[in-house]
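I opened this notebook to keep track of what I looked up.

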Amino acid sequence: NGTTCGLREIMIGRCSHYQYIKNGFVQPNGSRAKNCTELYEAFESAVRYKSYCNMNMSTYGRYFELALGDLHVINRAMFWSGTYAIAHTYGSNGRNYVTLEDTLAAAMVNGLTWCGKENDTEGFDFVSCPYRCKDNQWADYAFWGLASKTFAQLAAGEVYVVLNGSQANGKSAFRNDSYFRSFELPNLRQNGTYRVTKVNILVLHSPDAEVVERCGQKSLLELERLVQNKGFDYACEDDPEELILIMCSEHWHARECQVARQVLRQT
Ligand code: NFD
């Protein structure tokens with residue numbers, strides 16, 4: 001439950017690493033390096049000395065503007081829901097596909113926990129975060145809600161969505177309360193040069209787990225309707241082979257991975 005001490009050093013360090021070492025797969029060719037200290041300061045001034053419940057969907061606006069202002073992700077933006085690990089393996093740090101976490105704004109804080117604290121010399125709470133604000137649901141979405149919305153707005157052309165067709169506990173692949181549904185799908189661009197043309201859904205079923213939904217069933221049917229109402233082309237594929245091979249590398253003994261084993265041995 002603790003929060004991230006050394007936030008400043010981590011964020012500025014990650015930003016420098018991103019730009020000077022990782023660089024190349026996401027940011028446009030020839031774009032100027034960002035000033036990491038300035039970026040951190042935009043982030044800090046949004047949150048430090050503020051009480052958690054005072055945050056909302058515009059709190060980090062300047063940070064995202066500075067970090068992502070000039071970016072477009074054309075034909076390779078990838079969203080994920082219930083599929084964090086495999087979507088990121090497949091995306092391969094922006095080499096194949098670009099996820100939100102491959103952008104500078106998100107890479108600087110992905111996996112960290114932080115919150116501001118009022119009337120405090122540090123201005124940060126390094127012990128615990130409330131995580132839930134009773135009176136203001138937007139506080140909870142202040143960072144990742146705006147991150148998701150901003151990322152969706154800069155996706156163009158064909159986009160990809162990796163969903164989980166074998167979620168446990170009756171959860172659906174296209175959940176009512178997912179970030180993907182609440183902040184990404186509604187913010188895909190419908191007009192202009194950088195509009196989205198097609199939404200490609202990749203539905204995964206974990207080896208040896210129950211199949212809850214396939215393309216064209218239940219929540220995926222609803223998703224299809226929403227996508228088409230927005231004027232985008234729609235495609236849905238169950239268990240694309242390249243994803244099954246990645247999954248089978250981690251579930252080698254599953255019955256469904258026998259075929260993969262045989263094929264891989266033949267070559
Ligand atoms: P979800 P969703 N590692 O799977 N997004 O549609 C880490 F670090 O239910 C990104 O609601 O799908 N975090 C972030 C994880 C946060 C992991 C919110 C994991 N293995 C929204 N698994 C982010 N980077 O933190 C689950 N989570 C967390 C965007 C995740 O942090 C992405 O562009 C989130 O708080 C993606 O297209 C929560 O579980 C979509 O929204 C919900 O993940 C994923 O949100």
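My entries follow, beginning with the ligand.

**Entry 1: the model.** I noted at the start that this is a predicted model.

Entry 2: I looked up its site and found the ligand in the largest pocket.

**Entry 3: what the shell is made of.** I sorted the shell residues by type.

Entry 4: I went through the ligand's contacts one by one. Serine 81 places a polar side-chain atom 2.7 Å from an oxygen atom of the ligand. Tyrosine 179 uses its backbone: a polar atom there is 2.8 Å from a ligand oxygen atom. In asparagine 110, a side-chain N or O atom lies 3.1 Å from a nitrogen atom of the ligand. I checked the cover next. The ligand taken alone exposes 750 Å², and the protein buries 73% of that.

**Entry 5: disulfides.** How many disulfides does a search of the whole structure find? I got five. I followed one of them, which joins cysteine 53 to cysteine 133 with an S to S distance of 1.9 Å. This link is right-handed, with 125° about the S-S bond. The pair connects distant parts of the chain, 80 residues apart. I placed cysteine 53 in the loop between α2 (36-47) and α3 (61-68). I placed cysteine 133 in the loop between α5 (104-107) and α6 (137-141).

Notes. Residues are numbered from 1 along each chain as its sequence is written. This is a predicted model: local features need pLDDT of at least 70, side-chain atom pairs count only at pLDDT 80 or more; totals for chains, interfaces and linings use all residues. Side-chain values use heavy atoms; hydrogens and water are left out. A polar contact is a pair of N or O atoms within 3.5 Å; within protein, one must be able to donate a hydrogen and the other to accept it, and residues adjacent in sequence count only if both atoms are side-chain atoms. Accessible areas come from the Shrake-Rupley method with a 1.4 Å probe; for residues, only the protein chains shown count as cover. On a 1 Å grid over the protein atoms alone, a cavity is a set of points where a 1.4 Å probe fits but cannot get out, and a pocket is an open set with protein on both sides within 12 Å along at least five of seven lines; lining residues have an atom within 4 Å of a point. A molecule sits in a cavity or pocket if more than half of its atoms lie within 2 Å of its grid points. A disulfide is a pair of cysteine sulfur atoms within 2.5 Å. Helices (H or I, at least four residues) and strands (E, at least two) are DSSP runs, numbered from the N terminus.
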